[in-house]
Amino acid sequence: MKQGNSAMLKAVAVSLRENKQELADLMALELANDTEYGLGASIWTSSQVAIDRAIETLESGQIAVSGIVKSDPKLPSGGIGESGYGRELGPQDIREFVNVQQIWIA
């Protein structure tokens, strides 16, 4: 085999492997969204491309990257779909406990 052909075959093999990984990632995201619930999702990767794709694709109230889903009292938390309505914690939550009153003075 000529030197040029060997390099081309290696490039094709790398391209096929990358395409196979991309397809696997897309299938995993599709599987993750195949539920009526969506409270939290976690992905484990160091690839910025995979992170961006997951953030754009996942239907979830929270997404953790290379870590566990957790909450912080300063940040709103809640789900999508059958995982609940509204948000708890943070400024969005306190509004659930406040009665808004309208007053007109003539």
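Begin by selecting Glu-22 and Arg-53, whose side chains meet in a salt bridge with an N to O distance of 3.6 Å. Show helix 1 (residues 3-33) and helix 2 along with them, since the pair links distant parts of the chain, with Glu-22 in helix 1 and Arg-53 in helix 2, 31 residues apart. Keep in mind throughout that this is a predicted model. The count of salt bridges comes to one. As background to this stop, side chains of opposite charge can pair when their charged atoms come close.

Stay with the pair and colour it by accessibility: Glu-22 counts as partly exposed, because its relative accessibility is 35% and that class lies between the 20% and 50% cut-offs. Arg-53, by contrast, is listed among the buried residues of helix 2.

Next, select helix 2 itself, residues 48-57, and pick out its buried residues, which are Ala-50, Ile-51, Arg-53 and Ala-54. These residues cover an arc of only 165 degrees around the axis, and therefore they lie on the same side of helix 2. Now turn the view to the face of helix 2 that points away from its buried side, where you will find the exposed residues Val-49 and Glu-56.

For the last stop, select Ile-55, which also has its place in helix 2 and which is partly exposed, with a relative accessible area of 46%.

Notes. Residues are numbered from 1 along each chain as its sequence is written. This is a predicted model: local features need pLDDT of at least 70, side-chain atom pairs count only at pLDDT 80 or more; totals for chains, interfaces and linings use all residues. Side-chain values use heavy atoms; hydrogens and water are left out. Buried means under 20% relative accessible area, exposed over 50%, partly exposed in between (1.4 Å probe, protein chains only). Helices (H or I, at least four residues) and strands (E, at least two) are DSSP runs, numbered from the N terminus. The arc is that of the directions from the helix axis to the C-beta atoms. A salt bridge is a side-chain nitrogen of Lys or Arg within 4 Å of a carboxyl oxygen of Asp or Glu.
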